Amino acid sequence: MKKIYLDNAATRLPLASVIETMSRYMHQHFGNPSSIHSIGRDASVAVEKSRKKIADMIGASTSQLFFTSSATESINTAILGAILSWNIKTFITSPIEHPAVLQTLTFYKNIFHLEIKYIAINSNGQIDVDSLENVLSANKNDSTCVILMQVNNELGNITDIQQAGNLCKQYNAKLICDMVQSMGICDVVLSTLPLDIAIFSAHKIGGPKGVGLLYINSEKPIAPLLHGGSQERNMRAGTENVAAIVGFAEAVEWSFKNISSTITHFSTLRNMLLQELQQGFRDIIVNTDITKSSPKILNIGFPVNTKTEMLLYHLDIENICVSSGSACSSGTHVMSHVIQHLPTNMQQVPLRFSFSEDNTLEEIKYTADVLKRILR
Ligand code: PLP
């Protein structure tokens with residue numbers, strides 16, 4: 001039986017056009033972009049054309065964009081660069097950021113004697129941007145940097161980055177925004193957003209894994225994370241993954257072109273799943289704030305009982321792939337750090353359903369029916 005893949009916030013099946021473009025580049029344009037000869041120059045032109053394509057789509061200039069190996073690497077570069085080049089001493093973030101942010105800040109905290117402050121999460125699981133003002137006003141200096149994600153990868157909840165950015169400007173703080181789950185959902189027009197750094201990843205939007213993007217809105221370069229060759233204008237040493245970069249640009253173009261149909265499709269799938277589950281179960285908790293969230297993601301808490309204990313595995317046996325949003329270490333499941341910050345955290349087994357353009361209403365109906373069968 002065909003698998004039903006509802007874990008598209010983890011990664012998405014690469015688009016057919018991406019695979020086709022990448023395969024062509026791997027066969028025909030395999031050169032090293034740093035080589036002087038024509039095969040190398042071809043590869044270099046491919047990288048620069050991709051940069052231009054992405055820059056035009058996201059409202060940036062090519063000089064502001066740097067390719068990396070992942071959003072995780074982009075986040076690590078941004079944080080270290082902010083510490084070393086902007087002399088940042090205080091980071092303000094939320095406790096529901098991606099581990100790439102939280103763990104990196106924790107790692108550098110003792111090394112650089114940083115202060116890390118966390119802003120509040122409200123009862124809807126939304127980052128309380130108003131509380132950012134209180135924290136910023138208590139830190140009036142120019143060595144503060146705020147790091148927030150726009151779309152939470154576990155809940156789908158959307159933070160008002162314009163509002164956060166305006167507050168940062170008012171209090172002279174830098175703003176780094178993790179926009180990994182934004183593309184194809186939010187209007188990403190960087191020229192209109194008060195941001196210093198933004199971070200993207202290709203594999204969430206139908207591009208390949210292992211390529212990320214760093215947008216730096218600053219006259220002066222920041223210190224790089226990786227040292228070696230002079231690739232990416234000395235910002236990221238290491239031979240460029242040319243085929244992946246070209247695939248990334250293809251995926252960005254596709255996601256911008258299809259944004260309105262994508263949003264309509266995701267909303268239809270999410271509304272149907274929510275309705276089916278709310279009709280089928282009286283005691284579920286809707287962790288996603290439906291009023292202000294990405295329609296790609298629906299996070300539902302099921303009551304803790306013997307039937308929900310192995311829910312993820314039961315669904316897998318039924319060929320349904322979803323995520324619990326929980327980290328799994330040494331075979332032991334740990335409750336997700338995001339769900340832990342919700343008021344209902346102890347009473348639920350969370351499931352994150354996340355959609356792609358390929359999912360159908362039949363798949364959603366089947367998933368809801370299987371859940372009803374397992375849990376009744
Ligand atoms: N930030 C968010 C919000 C994410 O969802 C992810 C991926 O799960 C990342 C960062 C890390 O992305 P990558 O897999 O490109 O390192």
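This is a predicted model: local features need pLDDT of at least 70, side-chain atom pairs count only at pLDDT 80 or more; totals for chains, interfaces and linings use all residues.
The structure holds four aromatic pairs. One of them joins Phe 67 and Phe 248 in an edge-to-face arrangement, 6.4 Å centre to centre, with 65 degrees between the planes. Phe 67 sits in strand β2 (residues 65-68) and Phe 248 in helix α7 (residues 242-257), so the pair ties together parts that are 181 residues apart in sequence. Phe 67 counts as buried, at 3% relative accessibility. Phe 248 is buried too, at 0%.

Another pair is tilted: Tyr 108 and Phe 112 lie 5.6 Å centre to centre, with 55 degrees between the planes. Both belong to helix α4 (residues 99-112), and because they are four residues apart, about one helical turn separates them. Tyr 108 is buried at 9% relative accessibility, whereas Phe 112 is partly exposed at 26%.

Lys 174 lies over the face of Trp 86, at 4.5 Å from the ring centre.

**Strand β2**

Strand β2 runs antiparallel to strand β8 (residues 212-216), and four bridges join them. In this pairing, Leu 65 stands opposite Tyr 215 in β8.

**Salt bridges**

The whole structure contains 14 salt bridges. Three of them are listed here.

| Salt bridge | Distance, N to O |
|---|---|
| Arg 24 and Glu 20 | 3.4 Å |
| Glu 48 and Arg 51 | 2.9 Å |
| Arg 373 and Glu 318 | 3.0 Å |

Arg 24 and Glu 20 share helix α1 (residues 16-28); they are four residues apart, so about one helical turn lies between them. Arg 24 is partly exposed at 33% relative accessibility. Glu 20 is also partly exposed, at 45%.

Glu 48 and Arg 51 lie three residues apart in helix α2 (residues 38-58), about one turn of the helix. Glu 48 is partly exposed, with a relative accessible area of 38%. Arg 51 is buried, at 2% relative accessibility.

The side chains of Arg 373 and Glu 318 meet in a salt bridge. This pair links distant parts of the chain, 55 residues apart: Arg 373 is in helix α10 (residues 361-375), and Glu 318 is in the loop between α9 (311-317) and β11 (320-321).

Salt bridges also form a network, which links Arg 12, Glu 357 and Asp 358.

Key. Residues are numbered from 1 along each chain as its sequence is written. Side-chain values use heavy atoms; hydrogens and water are left out. Rings of Phe, Tyr and Trp (its six-membered ring) pair if their centres lie within 6.5 Å; planes under 30 degrees apart count as stacked, over 60 as edge-to-face and the rest as tilted. Helices (H or I, at least four residues) and strands (E, at least two) are DSSP runs, numbered from the N terminus. Buried means under 20% relative accessible area, exposed over 50%, partly exposed in between (1.4 Å probe, protein chains only). A charge sits over a ring if NZ of Lys or CZ of Arg is within 6 Å of the ring centre and within 35 degrees of the ring normal. Two strands pair if DSSP finds at least two bridges between them. A salt bridge is a side-chain nitrogen of Lys or Arg within 4 Å of a carboxyl oxygen of Asp or Glu.
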